[in-house]
Every structure is written in C-alpha cells, then in structure tokens.
Amino acid sequence: MTKLFSHVEMAPRDPILGLNEQFAADTRNNKVNLGVGVYSDDNGQIPVLKAVQEAEKQLAAERKPYAYLPIDGLKTYNEAAQKLLLGEKSPARQAKRAITVEALGGTGALKVGADFLRIAKPNSTVYISDPSWANHRGIFERSGFKVETYPYYDPETHGIKFDALKAFLNNLQADSIVVLHACCHNPTGVDLSKEQWQEIAQIVKDKQLVPFLDIAYQGFGEGLDQDNTAVKIFDEAGLDALISSSFSKSFSFYGQRVGALTVLTDSRETAQKVLSQIKIVIRSNYSNPPIFGAAIVAKVLNTPELYQMWEEELAQMRDRIKKMRNELVEGIKKVGAQQNFDYVKEQRGMFSFSGLTPEQVNKLINDYGIYAVKSGRICVAALNSSNIDYVAQSIAAVLKD
C-alpha cells in the first residue's frame, strides 16, 4: 500500500462542535449543553415553525421540479432576503446598487465574500473583534488573509471598549477589512448603540475601510426592523459594504443552510461587475446553491399571511430568550451567589459572555455535566424551565469554590 497521507497530522477539534461530541458521550441524565448555538424551545427541542410547515405544504402542492438554480440562487429568495436586510426605503436597493446571492448559510456567505475580497483586495489585512466567533478567523485565514483583532469587549465593565475601538479603527490603513457583528454579538451579546454605529460608519468612510457586516441573528435582539440598524446606517451613509446574513436561527432552519451575501456598491454598473466576480467564486466552489430551503424562506417572506405568522413565532422565541436571561440571573442570586450577573440581562441575542473563567467552565463540565465554551460563553437559548434551576445552582456552586 502507498502512504500518500501518512504525514498528515490530527487537526484540533473545533471548540464548539468538539464540545458537542464530548456532550454526546456524557451518560449523565442531568447534563445540559450550553455550548452549541441552537435555539431550543421550553421542552429542549428545536422547534419546527408553523410558518415553515405551511410553506412546505404549499410548495408540495405546486409540485415544481428540483432543477438547477442559477449560480447566484433563487431570484425570489434573493430579492426577499435583500428587502428584509436593507429595509423598504434602502438607498442602495432603490438605486440598484446592491446585489444579493444565495449562500450556504451565513458561514457560506462569509466564505464567498472572503474569496471575493481576496480577488478585489488581495493585500488587505482582516480585523475581527476581540473576542469574535471562532470561525471568523478560520474563514478569512483559509482565504489567504492575515487576521488580526480590534478591541471590543471589556471584561471589567461587561461593556464595549468603545474609545479603544474608535482609536484602533482610526489608525488602520485604507482598504483594511473590518468584520463587524451587526447585532447580537457572538459570543458576548453586547452590541453597539445606534449612535455608536453612526460614529463607526463615519470612521469607516473617512479611513476608506472595507466593512464586512455579519448578521446571523436578525430578529433575536429587539425585532426585525431594529436589529438591522447598523446595516441601514452603512447603507444610508453611501458606504460600500459586504453583509452576510442567515436564516438558520430565525427560521429554526439549521440543516437547510440558507444564507445570503449582499454587497453594497457605488453604482448599478459596479454592482453588476461585482456580481460577475462573485458568480465565478461560487461556480468554482459548489457551482450553484440548493433550492428547497431557499424556496421555503422565499415563500414565507413573500406571502403576507405566512410572514406575519413567522414574525409572531420569532417574537415568541426572542421573548423566551429574554425570560431565560432574567430567570438565570435571579436564580443565581436566589441561591446566594455574591457575584452580580445583572449584566446578562442587558445582553442581546442567543449568547451571553457569562464571566465564568476557563477553570470554572471545566468544573461545570466535570462536576455538573453543564457544557459551555471555555471562554465562558453560554447559549441562553438552551435554557428552559426544566434545567434553569439546576444551571443556576451549579454556577453558584462553582463560584463559591
């Protein structure tokens, strides 16, 4: 036998997906997985939304063939996703300066955007927040970029190092690529205010930076029309920008991998040139995207009754997460923990930077079967009425040790 690959070394486990493997192997009945970024209902199950079920029935009745899609995806999906992202009165939409392509989830949108930027801005450095979603670094490094971090989270105040962030961006070279979490920052849950976003947009404009906004949780913060505030600010400022978006969370549609990449440009002519280059990136990667998930999302977004049903279900998910935040904080207080966790109530979205140390996280895993990411990030959406008391008591216990 030949040994062509005997030199290949074992790669490290993904910090989140590897945690899931460890959780699955745990035989304890009271184990809780707060590591994975998935919304679960109060029964601990991933919900199947009624709007999605109805859309599936309607599509099944239409009996359309599953033909190849165009390289950039399903047209009705792309148009609806862009409208939801940018809003009805978007200057870029009205001037046709924006293009949107279907992508394989938010991750796929980031990867397509990164590969396009490697063509358009090959000498740039990419900057991600400190901390950021772990896969941000991997995606851009695999596309050939050097990746650095910019100041963001302040563990002392549980807020943002906003002055340090502004100073850092002001010192970057033109064409530096800055990856920004548009809402529900992952992993901290701490977002910029509208006024702060306006300041960041001005710096990006003055310094001629390349903004890449990641918005995977639209609707999980304050609402669909509030969570895209950052995107609207960049659009109204006339800035070129890339935006990755996802329906994995908002449609509870994780396995369908339904996302989009939107690019704002300076003109309709430029938009078409950018689209042509992105199509080449897609063609040489996966050729064209799948149809089923995009068709479901398009059906919901383009059918008023289904859209209203989906928006109501999304609001219920958002409200349940907020309720879990409050109950976790109060539960920790109730069992006598001295540390104040009130900041968890102010965070937004599915995640919380709990403030737990790596040692405390390890103790939660080993002694109590409660799994969290080493950084202390927990998925608040995984809490429910059956496990929240146990989680609160366990956190209080490791704080006392």
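## A walk from loop to core to charged pairs

Start by selecting R63, which sits in the loop between α2 (50-62) and α3 (75-86); helices here are DSSP runs of H or I with at least four residues, strands are runs of E with at least two, and both are numbered from the N terminus. Before moving on, note that this is a predicted model, in which local features need pLDDT of at least 70, side-chain atom pairs count only at pLDDT 80 or more, and totals for chains, interfaces and linings use all residues. Residues are numbered from 1 along each chain as its sequence is written, and side-chain values use heavy atoms, with hydrogens and water left out.

R63 is not a glycine, yet its phi is positive, at about 50°. R63 is also exposed, with a relative accessible area of 73% (exposed means over 50%, buried under 20%, partly exposed in between, with a 1.4 Å probe and protein chains only).

Next, jump to S287, in the loop between α11 (268-283) and α12 (292-302). S287 is another non-glycine with a positive phi, about 75°.

For a backbone feature of another kind, select D130 and P131: a cis peptide bond joins them, with omega about 5°. P131 belongs to the loop between β3 (125-130) and α6 (134-142).

Now go inside. Select Y77 and W310, the residues with the most contacts within the largest nonpolar core, which has 105 residues. Such a core is a set of buried Ala, Val, Leu, Ile, Met, Phe, Trp, Tyr and Cys residues joined through side-chain atoms within 4.5 Å. Helix α13 (residues 304-334) gives the most to this core, with 9 residues. Show the surroundings of W310: leaving aside residues up to four places away in sequence, its contacts (heavy atoms within 4.5 Å) include L49, L84, F251 and L301. Apart from this core lies another, of 29 residues, including F116 and Y286.

Finish with charges. The whole structure has 20 salt bridges, each a side-chain nitrogen of Lys or Arg within 4 Å of a carboxyl oxygen of Asp or Glu. Select E199 and K166, whose closest N and O atoms are 2.9 Å apart. E199 lies in helix α8 (residues 194-207) and K166 in helix α7 (residues 162-170), so this pair ties together parts 33 residues apart in sequence.

Then try K273 and E269, a salt bridge at 3.6 Å, N to O. These two are 4 residues apart in helix α11, about one helical turn.
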